[in-house]
Every structure is written in C-alpha cells, then in structure tokens.
Amino acid sequence: MSGSRERVLARVRAALADVPRAEEPEDVAVPRGYARAHTPVELVELLVDRLEDYKALTRRVSEADLPEEIAAALARRSVGRVVVPTDLPGEWTSRVDAAVLTDEALDIAALDAADGVLTGCAVVAAETGTIVLDAGPAQGRRALTLVPDYHLCVVRVDQIVPDVPDAVSRLDPSRPLTWISGPSATSDIELDRVEGVHGPRTLEVLIVE
Amino acid sequence: MSGTFLGMPPFPQAAGIATGDAQLRHNLRKATHTIRGRRASVVGELDDWAELRAAGKAIKDRTLRHLDVYLERLEETVTAAGGHVHWAADAAEANAIVTRLVKATGETEVVKVKSMATQEIELNEALAEAGITAYETDLAELIVQLGEDRPSHILVPAIHRNRAEIREIFDRTMSDWGVPAPEDLSDDPRALAEAARVHLREKFLTTRVAVSGANFAVADTGTLVVLESEGNGRMCLTLPETLISVVGIEKLVPTWQDLEVFMQLLPRSSTGERMNPYTSTWTGVTPGDGPREFHLVLLDNGRTDVLADEVGRQSLRCIRCSACLNICPVYERAGGHAYGSVYPGPIGAILTPQLRGTSSELDASLPYASSLCGACYEVCPVAIDIPEVLVHLRGKVTQGKGHAAERAAMGAAGWVLGDEKRLGLAQRAAGRARNLVPRRLPGPGAAWTDTRDIPDIPAESFRDWWAGHEKEKKKGGGR
C-alpha cells in the first residue's frame with residue numbers, strides 16, 4: 001500500500017532543491033569528537049551508584065554464592081511464583097523455594113499471576129545505569145520482564161561497558177531490545193518522581209564478580 | 001470537549017488570560033524550575049556536551065538534506081523485517097490509514113503510547129468518529145484525556161494541573177472509562193500513580209491493537225525507538241497483536257550508531273535523567289515476541305513545507321525534548337495552551353506557523369511570542385537557532401497580509417528616520433504634544449498598544465539636549 005508515497009517523496013525532493021545534486025549524505029560531516037566514556041572509576045562501583053540513584057536494589061555477589069543469593073532475594077520479597085525464560089541456567093534456581101514457572105508460552109494471565117521474574121541480560125552501560133535485554137540467552141521474550149511486578153536481574157561483570165556508545169556498538173538492532181534504567185517511574189504529577197507505575201515496581205540487580 | 005485548538009484567540013490574548021490565573025502560574029513556575037535544575041545538573045556532568053550537541057545537529061542535518069534517500073531506505077528495511085509501510089501526505093490521510101487498519105482487525109478499542117504526531121493529526125477524534133475508542137496510557141495524557149483538557153507541554157502534557165486537581169479528575173471520571181478510582185483516593189502522587197496503574201491494567205492485558213509514535217526511526221536497520229518512563233509504552237509495544245506507529249518523516253536517523261548520540265542527548269535534556277527508565281527498540285516483527293503485525297505510517301502534514309525553507313529547515317532537527325519550554329520566560333508565564341497547538345513554547349512558536357502556515361491570526365502571532373532572549377537556543381540539544389527562525393518568520397508574517405498596521409508604522413518610521421531634518425522636526429513636535437498622547441492608540445494601532453506600553457516621550461529630544469548642552473559648554477568654558 002503506497003498511499004501518497006510518490007507525492008511525499010516528490011515534495012521532499014522539491015523542498016531540497018537547494019542541495020547540490022552531487023552532494024552525497026556522507027558529504028555532510030558528522031563530528032564525532034565526543035567521549036566513549038565519562039567517569040573514570042571502577043565500572044561496578046559506578047553501576048551500583050547509578051542503579052541506587054534510580055531506587056533499584058543492588059547486591060554484589062560471587063559466582064559461587066549466586067544460587068543462594070537468588071533464593072534469598074526471592075524469599076525476602078516473599079515470591080511464591082517466579083517466571084523464568086526456558087534457557088535460564090538450571091543452577092540459578094537450584095536453591096529457590098518458590099514455584100518456578102518456565103516460559104513455555106505462558107499466557108498473559110499466567111504472567112500477571114506471577115510474583116516476579118528472574119533473568120540475565122545482554123549489555124549494561126555503567127554511566128547511565130542501563131541494563132539492556134535483547135531476548136538472548138537467559139532473557140526470554142519482552143513480556144516476561146514487563147508484566148510481573150518484581151524483576152530480579154543477574155549481571156555478569158563482563159557484560160558491563162563504560163557508557164552508551166559501547167553499549168550501542170555491542171547490540172544487534174535486528175533483535176527486540178529493552179533498555180531498563182531502574183524501576184518504572186513517572187514525574188507527571190508536579191514533576192515529583194514516583195517509582196513504580198506499569199512496569200515492574202521493584203528492580204533488583206545481582207552483580208556477579 | 002475542548003480537545004482541539006480550533007478557534008483559539010491569538011497568542012497575546014490567550015497569554016493575557018493565562019497570566020491572570022495565579023494557580024496556573026504557580027504550577028508552571030514550580031514545574032519548570034524543578035526540571036530546569038535537573039537538566040542543568042545531568043548536562044553539567046558530561047564534559048563533552050558541546051561535542052554531543054554538535055554531532056546531534058550534524059546527524060539531523062545530514063538526514064534532512066538527503067531525506068528522500070533515507071525515507072526510501074527506511075521503507076526498504078522495515079518491509080524486509082516484516083513490517084508494512086504507509087505514506088500520509090496530511091492528517092486526514094494518516095487518520096484514514098490508521099482507521100482502516102484498526103477496522104481490519106475487527107477491534108473497537110486501541111491503547112495508545114504518548115505521541116506528539118497523533119495529537120497533531122487529532123487521531124483520537126478521527127477514531128472516535130469511526131466508533132473506535134483510543135485509550136491514552138501515559139499518566140499525563142490520561143489526566144488530559146479524562147479531564148477533557150488540552151495538552152500544555154510536550155513532555156508533561158498535564159504540567160498545568162496540580163495534585164489536587166488530578167485527584168478530582170480521577171475521582172470524577174475514571175468510572176466512566178473503566179476501573180473507577182478507589183473511594184479514599186488521596187492527592188499523594190504515589191496514590192494517584194497507583195490509581196492509574198489499576199485503571200489501565202486490564203486495558204493493557206486485553207487490548208489487541210496499539211498505536212504509538214516513535215522518537216527515532218533508523219533508516220539503515222528499519223529499527224523504531226520509543227523512550228518512556230512508566231512501562232505503558234512497553235505494554236503497548238509488546239502485548240497487543242497489531243502495532244501501528246505514526247511517525248513524522250523528520251524522525252529518521254541514518255544509522256544505528258547515531259543512537260549513541262541521541263540516547264545521551266534526549267533523556268538528559270528532557271526529563272533531566274541520565275537515562276529514562278525504559279527504551280524499546282523493534283525492527284519489523286519477531287515471531288513469538290511482541291506484535292504479529294506492524295504498520296509504520298510515515299507522516300508529512302506540512303513537514304515538507306518546513307523542509308523547503310532554508311532558514312526554517314533546522315526546526316525539523318527537533319527531538320521533542322522540551323528543554324526550550326522549561327527554560328523560556330514566556331512559556332513559564334503564559335503556559336502551553338496560549339500557543340494554540342500541541343507544540344507549545346519556543347519550538348512551537350517556530351514549528352506551528354511553519355506546519356500550519358500563518359493565515360490565521362493565532363498562527364501569525366506565534367513568531368512574536370518571544371522576547372528573543374536566546375535561552376532556548378542555549379539549551380537545545382540539536383542547536384536549533386530558535387531566535388533566528390523567529391525573526392525569519394516575523395519577516396515572512398510582515399511580508400504577508402498579517403500585521404499590516406505594524407508594517408505601515410515601520411514604513412512611516414523609515415521615512416522619518418531616513419532624513420535628519422524630518423527626524424528633528426518630528427521629535428520636537430512629539431515633545432510638545434507629549435501630554436496629548438493616549439495610553440492606547442486609536443484605530444489599527446489599538447491591538448499593538450494592548451500588549452505594549454507606549455514609552456513616555458521626553459520634553460526634549462536627546463539631539464536637542466545635546467545641541468543645547470554643547471552651546472552651554474562653549475559659553476561656560478566647559479566642565
């Protein structure tokens with residue numbers, strides 16, 4: 001269905017009559033003198049600072065303690081049913097008391113009835129405290145981390161990059177991406193920031209060192 | 001319902017009414033000062049802000065100067081990823097396309113992500129006429145929709161409402177639209193956000209069609225990008241079966257890498273955060289994850305007119321952050337409604353008259369809704385020289401049929417100022433007649449003096465004073 005395709009394109013071309021015919025898009029120089037990274041401190045320290053600023057919960061844990069820490073986090077929240085993607089490493093839930101619902105095409109009602117979701121992530125930008133999920137390993141489809149009210153996310157240090165430019169370059173845009181910077185929030189009422197609206201109202205991050 | 005801006009009085013009149021509203025001025029002052037401070041703090045953190053701004057400007061200039069190339073590329077990449085691309089020359093055409101697409105699904109309800117483009121084309125009203133109900137899901141948009149109000153800010157459309165007014169709107173109207181507000185609803189923002197969560201939850205989980213806009217569309221990859229805070233965007237972009245995105249043709253960026261610039265510029269300029277809570281990006285459709293059908297409606301609706309103006313073209317760099325509104329002394333006092341458009345503030349004062357033309361009195365008055373202080377240019381993350389465009393548009397307005405009295409007055413002034421003798425005579429005549437000058441000019445000058453004070457005319461002109469002073473000096477041997 002083209003609708004007014006030719007009409008709009010013709011108008012665009014007529015509007016650009018002043019642009020020399022020989023000019024190529026690349027002839028318009030884009031100065032990229034901006035920084036790849038901003039804050040020269042240890043990345044984990046920076047990430048924790050940023051996440052806490054967004055009122056996310058954070059814990060730095062060791063690889064060996066991860067199953068225990070996951071179980072403890074879910075217990076602290078009194079999570080009875082936790083949703084996990086199909087390819088979540090089995091040992092992550094090995095100590096969990098809650099019922100584990102693996103996402104074998106769970107319907108929305110089932111997701112809504114769950115108390116929380118446990119996932120990994122793809123890339124993390126420390127400077128902005130941004131966790132990116134790309135539906136890759138241990139992450140599942142987008143709805144999983146959206147409908148339940150509590151998101152427990154495991155971040156490995158090798159997934160952390162300093163800032164936005166490195167995060168963008170590591171990501172594959174053909175995958176559906178969700179960038180998460182803290183729990184859902186709004187400032188729509190008198191610009192007073194309130195954490196927790198439609199997305200998970202609590203985000204907890206376990207950083208595995 | 002006052003959902004449209006048709007028939008609005010020109011800016012000076014509307015602003016005059018708004019500045020008399022003490023509650024509105026209080027709400028606006030509080031909000032704009034808060035967000036100004038937040039923006040300044042997170043922008044100040046980045047020592048390369050000037051470089052990011054220069055890159056953002058250049059990327060948008062590259063896109064705009066070769067927009068036909070990038071539009072065709074985007075059409076190709078979106079289609080290759082399983083999406084459908086539609087082209088709309090104007091609002092009526094865009095509304096017809098969206099209405100047809102919704103009808104084809106058999107559904108009569110859609111959930112909406114906050115989108116300036118769909119407000120601009122008044123999509124909700126068009127859908128309503130076709131028997132389709134559109135539910136706004138952004139908290140501020142919900143407040144505006146339930147209150148049968150108009151948006152007054154790009155980022156925070158209900159910025160003119162305080163918590164007590166919002167509580168009253170929720171309490172009174174939520175039951176008409178679905179889940180009612182709790183009986184003991186307080187005016188605590190937390191309680192109000194919770195009421196919105198409960199009210200919209202069922203809509204999110206059951207509605208099968210969503211309508212969105214987009215902050216960016218990446219030509220090379222066919223990727224659409226939506227930045228948001230509440231999770232209502234993710235709900236609409238992920239849970240329904242059909243997604244329809246209405247996107248202005250100026251929203252394109254050439255490459256995925258370009259987002260590394262805008263994802264730093266936009267959140268810091270807009271909400272004053274290092275990063276907004278949620279950003280979703282999608283490329284066509286992904287089996288088993290999100291909507292099964294994706295439609296992209298590319299919207300012109302006056303944008304090519306803006307593109308054709310070599311001075312005005314830079315207005316299309318706008319990424320709708322609203323930093324210029326928050327810093328503007330005129331916006332802070334007049335509020336957003338006075339601009340009579342979904343695009344208020346300094347960016348609205350240049351965008352609206354270019355998109356709609358200046359044939360109405362309101363649109364012709366917008367380029368004058370500024371003191372030309374330049375604060376908007378300073379904070380603009382893509383360096384739109386708003387004062388330059390304002391002055392350019394004032395020129396166009398005075399060349400056209402608008403503001404004829406001002407043009408006549410300037411012509412007369414040119415005649416007087418052009419000759420030394422004429423000027424001297426005019427000044428002496430004015431000095432003698434100064435007690436006779438009314439506070440308000442008669443005839444066509446009346447509108448001008450309604451909003452301006454006539455300066456006091458001194459008894460003696462500077463030129464006469466100087467001549468006399470020099471004479472005295474010679475007599476008395478100087479001081």
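How many residues does the contact take from chain B and from chain A?

## Basis of the model

This is a predicted model, in which local features need pLDDT of at least 70, side-chain atom pairs count only at pLDDT 80 or more, and totals for chains, interfaces and linings use all residues. Residues are numbered from 1 along each chain as its sequence is written, chains are lettered from A and ligands numbered from 1 in the order in which they are written, and side-chain values use heavy atoms, with hydrogens and water left out.

## The interface

The contact takes 97 residues from chain B and 79 residues from chain A, where contact means heavy atoms within 4.5 Å. Between them the two chains bury about 7800 Å², and 56% of this lies on carbon and sulfur atoms. Buried area is the accessible area (1.4 Å probe) that two parts lose on being put together, summed over both.

The interface of chain B and chain A has 44 residue pairs in polar contact, both residues being at pLDDT 80 or more. A polar contact is a pair of N or O atoms within 3.5 Å; within protein, one must be able to donate a hydrogen and the other to accept it, and residues adjacent in sequence count only if both atoms are side-chain atoms. On the side of chain B that touches chain A, helix H10 (residues 189-206) gives the most, with eleven residues. Helices (H or I, at least four residues) and strands (E, at least two) are DSSP runs, numbered from the N terminus. That side of chain B divides into 43 nonpolar, 22 polar and 32 charged residues. Here Ala, Val, Leu, Ile, Met, Phe, Trp, Tyr, Cys and Pro count as nonpolar, Asp, Glu, Lys and Arg as charged, and the others, Gly among them, as polar.

## Salt bridges

Over all chains the structure holds 53 salt bridges, and the rule finds 18 across the interface of chain B and chain A. A salt bridge is a side-chain nitrogen of Lys or Arg within 4 Å of a carboxyl oxygen of Asp or Glu.

One salt bridge joins the side chains of Asp68(B) and Arg13(A) at 3.0 Å, N to O. Another pairs Glu190(A) with Arg163(B) at 3.1 Å, N to O. This pair crosses between chains: Glu190(A) is in the loop between strand S10 (185-186) and strand S11 (194-195) of chain A, and Arg163(B) is in helix H9 (residues 163-177) of chain B.

An open sheet of eight strands with mixed pairing has the order S8(A)-S5(A)-S6(A)-S9(A)-S9(B)-S6(B)-S5(B)-S8(B). Strand S8 (160-161) of chain A and strand S8 (252-253) of chain B stand at the edges with a single partner strand each, so one side of each is left without a neighbour in the sheet. Two strands pair if DSSP finds at least two bridges between them.

Strand S9 (residues 177-180) of chain A and strand S9 (residues 278-283) of chain B pair in the antiparallel sense over four bridges. Leu177(A) has Thr281(B) as its bridge partner in S9(B). Within chain A, S9(A) also runs antiparallel to strand S6 (residues 130-133), joined by three bridges; here Val132(A) stands opposite Trp179(A).

## Parallel strands in chain A

Strand S2 (residues 81-84) of chain A runs parallel to strand S3 (residues 99-102) of chain A, with four bridges. S2(A) also pairs in the parallel sense with strand S4 (residues 116-119) of chain A, over two bridges. Val83(A) has Leu101(A) as bridge partner in S3(A) and Val117(A) as bridge partner in S4(A).
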